[in-house]
Amino acid sequence: MARRTCEPVSGVVAEARRVYQETFGGSAGVAVCAPGRVNLIGEHTDYNQGLVLPMALPLVTVMVGSKTSGQSCSVATTAESADEPRKVDFDLPTDTAPLIRVEPAWANYVKGVVQHYRARPLPAFKAVIASNVPLGGGLSSSASLEVAVYTFLQQLCPDDGDKVAKALACQQAEHTHAGMPCGIMDQFVSVLGKEGHALLIDCRSLEASAVPMADPDVVILITNSNVRHSLTGSEYPSRRKQCEKAAAILGKSSLREATVQDLEDAKDRLDSETYRRARHVIEEIERTARAAEALRGGAYQEFGKLMVESHNSLRDLYEVSCPELDALVTAAMDVDGVFGSRMTGGGFGGCTVTLLQAEATERAMKHIEGRYSGCPTFYITTPSEGARVLSV
Ligand code: ADP
Ligand code: MG
C-alpha cells in the first residue's frame with residue numbers, strides 16, 4: 001500500500017546538498033525550509049476576506065545556496081515533474097529591467113519572490129531547491145516554494161522581519177509571476193504555522209490565533225487522489241469573480257460582510273449559480289468559526305460533522321469537487337473511528353483530509369484503498385512549524 005508518514009526534513013536537505021555539490025561544486029552556506037499545508041476547514045473563503053483553519057505540514061520545500069558576486073543568479077530544482085529545464089539563470093532585477101514571467105514555469109515562482117522581496121540590494125546567488133511536498137497535489141507546494149525562496153533571501157539581505165508582509169509578498173509573486181489569483185491562506189500558514197497547532201486565520205484583519213491540536217489519540221490523515229483535472233486553472237479565477245459579483249450585488253465590500261439573510265433578501269437579483277457560490281462562502285465562514293471552537297473544546301465529533309458539511313457544500317454549491325474526491329470522502333466516512341473527511345485545497349483533484357481516532361488509521365487506509373478506483377497516497381501528518389532556517 002502506498003503510505004507515507006512523511007520523510008524527515010533532513011532527507012530533503014541531504015538531497016538538496018548533494019545536487020548543489022554536483023551542480024555548483026562546494027557546499028552551500030545557507031539552508032532554509034518552508035512547509036506545505038493542509039486546510040482543515042474554510043475552503044475558498046480566504047479571497048472572500050473570510051476565515052480559514054489550516055495547519056503547516058511536516059512536508060517541506062528546502063532551499064540551499066550561497067551568495068555569489070556579479071548580477072547573475074543560478075537556481076536548480078530536483079523536482080522531476082517540474083517542466084524542463086531544471087536549472088535556470090537570470091539577472092537580478094533592476095528598476096528598468098524587472099523579472100518577468102517566462103518559461104520554464106517553475107522558475108517564475110522563484111523570480112516572482114526575488115522581484116517582490118522587501119529589501120535591497122539583493123546579492124546574486126546560486127541555489128538548489130528540493131521538496132517532498134507533492135507538486136500540484138493541493139498541499140501547496142507553490143506557497144512552500146515561494147516562502148522558502150523568501151526565507152532564503154532573508155539570510156542574504158535581511159528585511160524588517162514582518163511575517164505578514166512576507167506572506168503578502170509571496171502571494172504577490174504567485175499573482176504576478178504564476179498568474180494564479182490565490183488568497184493569502186497558503187503563504188500565511190507556511191510562514192506562521194506553529195508546531196502542535198492549527199491556525200485560525202482571519203483573512204480580513206490578517207490576524208491569526210493558534211488552536212492546539214496535539215492530541216495523541218487523534219490523527220490527521222491526508223489522502224492524495226493522485227488526480228488533477230485540468231479545470232483547476234480556469235475555474236479558480238472564475239469562482240473568485242463570481243464571489244466579487246455576488247458581493248457587489250449585495251452592496252458589500254466582500255462576502256465576509258454578508259449574512260445568509262442578506263443573501264436571501266437579494267435572491268431574486270442573483271442568478272442561481274451566483275447565489276449558490278455565495279451561499280457556500282457565507283456558510284463556510286460561519287462553519288469555520290464553529291469548527292475552531294469545536295477543536296478548542298476537543299469536540300471531534302462536532303468538528304468532523306462540520307468537515308462533511310463543508311465537503312457537501314463544496315460539491316453541491318461551489319461545485320469544485322470531483323468523483324475521485326467524493327469517493328475518497330465516502331470511503332473514509334464508512335470507517336468506524338473516523339470523525340470527518342473533506343476535500344482540501346482548490347478542488348478538481350488533489351487531496352482529502354480526514355480526522356480520525358489514531359487506532360482507526362490502519363483500518364481507514366486499508367478501507368479507502370480498497371474502495372478507491374485509483375491509486376491513493378496517504379500521509380499521516382502532525383501540525384508543524386512554519387518556515388525556518390536550518391543549521392549548515
Ligand atoms: P500546489 O501548490 O497545490 O502543489 P500548484 O499548481 O499551485 O499546486 O503549484 C505547483 C507548481 O509549483 C509546480 O508545477 C511547479 O511549477 C512549482 N513548484 C512547486 N514546488 C516545486 C519545486 N520543488 N521545484 C520546482 N517547481 C516547483
Ligand atoms: Mg499552489
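**Figure 1. Residue classes in the shell around ligand 1.** The shell around ligand 1 is made up of nine nonpolar, eight polar and one charged residues, as seen in this predicted model. Of the 18 residues around the ligand, those that come nearest are T77, G136, S141, S142 and R228.

**Figure 2. Polar contacts of ligand 1.** Oxygen atoms of ligand 1 are approached by both backbone and side-chain atoms of the protein, with a backbone N or O atom of G138 lying 3.0 Å from one ligand oxygen and a polar side-chain atom of S142 lying 3.0 Å from a ligand oxygen. For R228, an N or O atom in the side chain is 2.8 Å from an oxygen atom of ligand 1. On its own, ligand 1 has 570 Å² of accessible area, of which the protein covers 86%. Two or more residues of the shell around ligand 1 come from each of the elements α2 (105–116), β6 (124–131) and α3 (141–156).

**Figure 3. The largest pocket, with ligand 1 in place.** The space that ligand 1 takes is the largest pocket of the model, and about 1,100 Å³ of space lies in this pocket. It is lined by 50 residues, and Y109, G136, S142, E174 and R228 are the ones closest to its centre. The elements that each give two or more residues to this lining are α2, β6, α3, α4 (163–178), α5 (185–192), α6 (232–250) and β11 (349–357). Within the lining of the largest pocket, α2 supplies the largest share, with four residues. Sorted by class, the lining of the largest pocket holds 16 nonpolar, 25 polar and nine charged residues.

**Figure 4. The second largest pocket.** About 250 Å³ of space lies in the second largest pocket, which is lined by 15 residues, with R4, E7, S131, N132 and V133 closest to its centre. By class, the residues lining the second largest pocket divide into seven nonpolar, four polar and four charged.

Figure 5. The peptide bond that joins E103 and P104 is cis, with an omega of about -5°, and P104 is located in the loop between β5 (87–91) and α2. A cis peptide bond also joins R120 and P121, where omega is about 0°, and P121 is located in the loop between α2 and β6.

Figure 6. H44 is a residue other than glycine that has a positive phi, with a value near 60°. The residue shown, H44, is found in the loop that runs between β2 (30–41) and β3 (51–68).

Notes: Residues are numbered from 1 along each chain as its sequence is written. Chains are lettered from A and ligands numbered from 1 in the order in which they are written. This is a predicted model: local features need pLDDT of at least 70, side-chain atom pairs count only at pLDDT 80 or more; totals for chains, interfaces and linings use all residues. Side-chain values use heavy atoms; hydrogens and water are left out. A residue is near a molecule or strand if one of its heavy atoms lies within 4 Å of it. A polar contact is a pair of N or O atoms within 3.5 Å; within protein, one must be able to donate a hydrogen and the other to accept it, and residues adjacent in sequence count only if both atoms are side-chain atoms. Accessible areas come from the Shrake-Rupley method with a 1.4 Å probe; for residues, only the protein chains shown count as cover. On a 1 Å grid over the protein atoms alone, a cavity is a set of points where a 1.4 Å probe fits but cannot get out, and a pocket is an open set with protein on both sides within 12 Å along at least five of seven lines; lining residues have an atom within 4 Å of a point. A molecule sits in a cavity or pocket if more than half of its atoms lie within 2 Å of its grid points. Ala, Val, Leu, Ile, Met, Phe, Trp, Tyr, Cys and Pro count as nonpolar, Asp, Glu, Lys and Arg as charged, and the others, Gly among them, as polar. Grid points are joined across faces, edges and corners, and a volume is the space filled by probe spheres set on the points.
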